[in-house]
Amino acid sequence: MFHRTLCRGYVPLLFASLAPAAAMAQAEPKGFYATIYGQYSQIGSSDFTESGAQGAGSGLRAEFGGGIGFGGDIGYRYGNGWAAEVEWNYRRHSLDALQRNGSNLARDGDFASNILLINGLRRFNLAGGWTPYVGAGIGWVQELDMDITPVGGGADRSYSVGSKAAFQLIGGVEYALSRSWRLTADARWLRVGSVRLDNASGNPGGSAGLLKYNPLSVQVGIRYSF
């Protein structure tokens, strides 16, 4: 009885509150847009094994610092609240520590990615020029690259992998500065999963795996509507 009463009382109110936003979304003009953005990104630590004659072996733990990224997109608004876009993203995270049993084995390094994505967005126009949006995307990882500069000298070691799938969730807001120019700010969770990277230089026949690459980022951009 309680659930029926709740549905009868609150569900119509919910639809009534969403109706103005839906109507404004449908009134949005059609057209292309382009965006460029800067990004701050974080990824979690990874336990992994570095095989090969020059590798550090098993029981390793990599700790990464905050990453800096940039990218852009070209999209199209369909005039009904929906939009689709093609996005390019590059980001780099510093390798703060490569540890085993409390000892640090690296003095420098990084973990970087280059990714192409196709995103679908649902947009909600509000009064005052604000447009919140949510979305999701699927992508192709052109390259993941990890570089390690060991403690005590020795050759740098580099590992890479490509042609991996990616998925991301998006939530943000857009603010109109003029008819054509807009500011954007959003948060994105990108998931590639656990990957094995093969030797690129410094450790012939070696590999690094499995490393987790699931960054969470915030970004600010400028968007132009054509």
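Where is Glu50 found?

1. **Ground rules.** This is a predicted model, in which local features need pLDDT of at least 70 and side-chain atom pairs count only at pLDDT 80 or more, while totals for chains, interfaces and linings use all residues. Residues are numbered from 1 along each chain as its sequence is written, and side-chain values use heavy atoms, with hydrogens and water left out.

2. **Glu50.** Glu50 is found in strand E2; helices (H or I, at least four residues) and strands (E, at least two) are DSSP runs, numbered from the N terminus. Glu50 has a relative accessible area of 1%, so it is buried. Here buried means under 20% relative accessible area, exposed means over 50%, and partly exposed lies in between (1.4 Å probe, protein chains only). The side chains of Glu50 and Tyr159 are joined by a polar contact of 2.5 Å. A polar contact is a pair of N or O atoms within 3.5 Å; within protein, one must be able to donate a hydrogen and the other to accept it, and residues adjacent in sequence count only if both atoms are side-chain atoms. A polar atom of the Glu50 side chain also lies 3.2 Å from the backbone nitrogen of Ala56. Setting aside neighbours within four places in sequence, Glu50 is in contact (heavy atoms within 4.5 Å) with residues including Leu60, Ile148, Arg157 and Ala208.

3. **Salt bridges around Arg61.** Searching the whole structure gives 11 salt bridges, each a side-chain nitrogen of Lys or Arg within 4 Å of a carboxyl oxygen of Asp or Glu. In one of them, Arg61 pairs with Asp47, with the closest N and O atoms 2.8 Å apart. This pair links distant parts of the chain, since Arg61 sits in strand E3 (residues 57–77) and Asp47 in strand E2 (residues 46–50), 14 residues apart. Arg61 counts as partly exposed at 33% relative accessibility, and Asp47 is exposed at 51%. Arg61 also forms a salt bridge with Glu63, where the closest N and O atoms are 3.0 Å apart; Glu63 is partly exposed, at 29%.

4. Are Asp186 and Arg188 buried or exposed? Both are buried, and they form a salt bridge whose closest N and O atoms are 3.1 Å apart. Elsewhere, salt bridges that share partners join Glu28, Asp73, Arg123, Glu174, Arg182 and Arg223 into one network.

5. **Arg223.** Arg223, a member of that network, is found in strand E13 (residues 216–225). It counts as buried at 2% relative accessibility. Its side chain makes a polar contact of 2.6 Å with the side chain of Thr35. Not counting residues up to four places away in sequence, Arg223 touches several others, among them Tyr33, Glu85, Ser180 and Trp181.

6. **Nonpolar cores.** A nonpolar core is a set of buried Ala, Val, Leu, Ile, Met, Phe, Trp, Tyr and Cys residues joined through side-chain atoms within 4.5 Å. The largest one has 26 residues, and Phe48, Phe111, Leu144, Met146 and Leu197 have the most contacts inside it. Among the elements giving two or more residues to this core are E3, strand E4 (82–100), strand E6 (106–123) and strand E7 (130–150). A second, separate core of 5 residues includes Tyr33, Leu121, Tyr133 and Ile170. In soluble globular proteins, nonpolar side chains tend to be buried together.

7. **A nonpolar patch on the surface.** Val86, Ile118, Ile138, Phe167, Leu169, Trp189 and Leu216 form a nonpolar surface patch, with about 670 Å² of accessible area together. Patches are made of residues with over 30% relative accessible area and no salt bridge, with like charges joined within 9 Å and nonpolar side chains (Val, Leu, Ile, Met, Phe, Trp, Tyr) within 5 Å. Accessible areas come from the Shrake-Rupley method with a 1.4 Å probe; for residues, only the protein chains shown count as cover. Trp189 has its place in strand E10 (residues 181–191) and is partly exposed at 32% relative accessibility.

8. **Asn104.** Asn104 lies in strand E5 (residues 103–104) and is partly exposed, with a relative accessible area of 35%. Its side chain reaches the backbone nitrogen of Leu98 at 2.9 Å, and a polar atom of that side chain lies 2.8 Å from the backbone oxygen of Ala106. Asn104 and Val151 are 47 residues apart in sequence and 7.6 Å apart in space, C-alpha to C-alpha.
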